[in-house]
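Open the model in your viewer, keep the sequence panel beside it, and follow the stops below in order.

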Amino acid sequence: MSRKHPDFIKAYMEYSKYSEAPTRFHFWTAVSVVAGALRRQVWIDQLHFQWTPNFYIVFVAPAGVISKSTTAKIGMDLLKQVPGISFGPNIITWQSLVSSLAESKVEVNINNKFTPMSALTIVSSEFGTFLNPQDREMVDVLVDLWDGQIGVFEKRTKTSGEDSIVNPWINIIACTTPHWIADNFPEYMIGGGFVSRTIFVYGDKKRHFCAYLDEAIPKGFKQRQADLVHDLRDIAKNCKGEVKLSAEAKAWGTEWYEKLYTERPPQLASERVASYLARRQTHMHKLAIVLSAAQSNSCIIEKEHLQAADSILQENEQFLPKVFEKIGDDNVQKANNIVNLLGATGPL
């Protein structure tokens with residue numbers, strides 16, 4: 001099966017350009033879609049652990065300004081047409097999440113060897129209905145599952161007893177507002193690592209105005225949609241196995257990693273950002289896997305993929321102060337800590 005486009009993400013950005021939502025919202029939707037097609041079929045092996053291309057992506061925008069859930073739906077409607085993709089419920093408890101993961105177990109043929117995996121993509125139009133920040137056990141389960149480590153994850157539930165999840169993998173895209181974050185993010189979520197594992201994508205302005213979609217959507221829309229689904233099916237079917245970094249990519253990644261710690265900026269000086277510093281490298285490699293897979297099934301990460309991933313993350317981090325600015329004057333220090341944890345580069 002050959003692809004219709006040389007780069008799925010670029011083609012998707014062209015496909016969705018009629019939408020009013022900011023460009024970065026559509027980019028991260030495309031990332032979530034490609035990740036959902038890949039599932040746990042690809043990985044970067046670090047011997048003691050593996051990097052896999054799952055993401056916790058949260059769109060953050062004031063209510064009524066940007067159609068956050070519609071933006072995510074544009075991409076997820078494509079992914080739903082790919083055979084073998086399992087979607088989780090958008091309103092869950094940690095018990096139902098664990099049970100849904102256990103039920104999603106499949107055997108995947110990777111290099112002529114059938115390997116089990118339990119993979120879910122979850123789409124939540126209201127982050128508050130998906131995640132209860134006061135439910136510490138739910139948060140801890142999500143933190144554990146984000147790592148996507150190989151092996152068996154076991155958790156006891158009231159309904160089905162002991163659930164054993166083989167090679168668990170979870171991919172989330174959700175929507176919320178700065179106000180909800182300000183009201184609902186307690187301190188322990190920072191210390192527990194959930195925030196550092198999440199990509200927050202902020203927007204407060206439409207990129208353009210579109211009063212009537214039927215006039216804005218270009219001709220040949222259905223064919224473009226079919227071609228994108230075709231490419232997603234190719235990614236899901238043929239992009240499998242260990243992802244390798246080229247020699248140039250490893251050399252660049254080594255230099256980048258040393259600079260992260262030896263030349264880290266002042267806003268990352270606090271000891272409280274230690275968990276984010278570890279996650280920052282992981283985020284970059286997860287994104288590089290997706291950027292590579294969007295272009296081919298080679299399972300090779302080139303230097304350009306790492307450089308692009310790093311630049312994209314830096315660009316996104318510039319908006320993070322706005323995600324947390326409504327926490328309030330009496331919690332300015334807490335807001336600063338959250339922003340520092342995420343590695344934001346701009347002032348509050």
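Which helices each supply at least two residues of the lining of the largest pocket? They are helix H3 (68–79) and helix H10 (221–238), where helices (H or I, at least four residues) and strands (E, at least two) are DSSP runs numbered from the N terminus. Before you select them, note that this is a predicted model, in which local features need pLDDT of at least 70, side-chain atom pairs count only at pLDDT 80 or more, and totals for chains, interfaces and linings use all residues. Residues are numbered from 1 along each chain as its sequence is written, and side-chain values use heavy atoms, with hydrogens and water left out.

**First stop: the pocket**

Select Tyr 18, Ser 19, Thr 70, Ile 74 and Leu 213, which lie nearest the centre of the largest pocket among the 19 residues that line it. A pocket here is an open set of points on a 1 Å grid over the protein atoms alone, where a 1.4 Å probe fits and protein lies on both sides within 12 Å along at least five of seven lines; lining residues have an atom within 4 Å of a point. Its volume is about 330 Å³, taken as the space filled by probe spheres set on the points, which are joined across faces, edges and corners. Now colour H3, because the largest share of the lining, six residues, comes from this helix.

**Second stop: the five-stranded sheet**

Next, show the strands of the open sheet with the order E4-E5-E8-E3-E9, whose pairing is mixed; two strands pair if DSSP finds at least two bridges between them. The edge strands are E4 and strand E9 (198–202), each of which pairs on one side only. From one strand to the next the twist averages 25°, with axes fitted as lines to C-alpha atoms (for helices over the stretch in contact) and angles running from 0 to 180 degrees between N-to-C directions.

Zoom in on strand E4 (residues 105–110) and strand E5 (residues 113–124), which run antiparallel and are joined by six bridges, with Lys 105 standing opposite Ser 118 in E5. These two strands form a hairpin with two residues between them, and Asn 111 in the turn has a positive phi of about 55°. Moving on to strand E8 (residues 168–176), you will find that E5 pairs with E8 in the parallel sense over seven bridges; Leu 120 stands opposite Ile 170, and Ile 122 stands opposite Ile 172.

Helix H6 (residues 136–146) lies across strand E3 (56–60) and E8, running at about 120° to E8.

**Last stop: a salt bridge**

Finally, display Glu 20 and Lys 206, which form a salt bridge whose closest N and O atoms are 3.0 Å apart; the term requires a side-chain nitrogen of Lys or Arg within 4 Å of a carboxyl oxygen of Asp or Glu. The pair links distant parts of the chain, 186 residues apart.

Notes
Contact means heavy atoms within 4.5 Å.
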